[in-house]
Amino acid sequence: MDQEEAQRQLDGRDIQMIVQIPESFSQQVQTSGEKASLIYTINESNAASIKSIMQTVATTITEMVNQNISTQGTQAVLEQLQMPSAQATGTAQSLVGKVESEMIYTHPVNGMNNQMVPLMLVLASFVGSMIMGQNLHQSTLLLAGTLSKWNSFRARLVINFISAPLISFIGSVMVLVLGGQMEHGFLALWMFQMLLILAFMFFSQMFINVLGMSGMIINIVMMSLQLVTSGAMVPRLMLNTFYKWLGEFLPATYGVQGIMALQFGGPGIGSSVWGLIIITVICLLVSLLTVALKKEKVAMVIHQEGNIPVSVASQR
């Protein structure tokens, strides 16, 4: 492919490295005293292991090309009979290390602390959302019979929409204060982090609404699956077909892609934003349907002992 198309796919993380052979490569290889270069371009806005793997691949390619050139050059020298010793020594030296590697890094990551930001933000956001959902459910159970199911559901919505911008603001400020990269600025990271937390809140609360406290088991499983499939720890290219497919339905995948783009640069975050919005809406609709189908608990005073009314909760 041409350089422009290759660069576009590299920025989009569809390919991991570009190997460019300059037009003057063959001439430099054949010219005594000159060295030729293979140009490698790597996108650092990726999982940490991608850069290491691609550097190893680049070194291997250069070594193989050098070995091939040395073999062909040695064969040509041996075909020349009665070569003087000094000339043979100079020719042999000119054949060693003829090709060098030239590394170009796009969207550079400044240190391991920045490399870990997408993983830490996703992990902290989901664990916090999961625990928050558990506490809200327990509070709802304590208020059963005194608060209608729809008032309870509306209260949880209000809490979610108020807490998401506050929590995401604190997280974004911590990234800024601790020297985190922000290629597209603080506001963009804050707004995207707010959308990610909202998606996590509705995603984790959906399982609790449907299954009760048993839904926390599903959330713990979802946490592990999202760490594997999101691309923050293991590059998605290394996953099998099932895990790649599963990651398309989990919010962490879009969260990691969006945070990497906002932090280090790269393709737009439109697909990540829409992915999170769709997941949020689906989870909200499932929770709405679950609440609609549940029986409502109503408190009724059945007798009074002294001045203390005794009540129980019934379902309707």
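The dialogue below covers strands, then cavities.

Modeller: This is a predicted model, in which local features need pLDDT of at least 70, side-chain atom pairs count only at pLDDT 80 or more, and totals for chains, interfaces and linings use all residues. Residues are numbered from 1 along each chain as its sequence is written, and side-chain values use heavy atoms, with hydrogens and water left out.

Biologist: In which sense do strand 1 and strand 2 pair?

Modeller: Strands are DSSP runs of E, at least two residues long, and helices are runs of H or I, at least four, numbered from the N terminus. Two strands pair if DSSP finds at least two bridges between them. Here strand 1 (residues 17-20) pairs with strand 2 in the antiparallel sense over four bridges, and I18 is opposite T41. Strand 2 and strand 3 (residues 99-106) run parallel, joined by eight bridges; S37 has E100 as its partner.

Biologist: How many residues of strand 2 are buried?

Modeller: Buried means under 20% relative accessible area with a 1.4 Å probe, protein chains only. Seven of the eight residues in strand 2 (residues 36-43) are buried.

Biologist: Which residues line the largest cavity?

Modeller: On a 1 Å grid over the protein atoms alone, a cavity is a set of points where a 1.4 Å probe fits but cannot get out, and lining residues have an atom within 4 Å of a point. The largest cavity is lined by F153, R156, L157, N160, F202, Q205, N209, L284 and S287.

How values were computed
Buried < 20%, exposed > 50% of the residue type's maximum accessible area, 1.4 Å probe, protein only. 1 Å grid on protein atoms, 1.4 Å probe; cavity = no way out; pocket = protein on both sides within 12 Å on 5 of 7 lines; lining within 4 Å.
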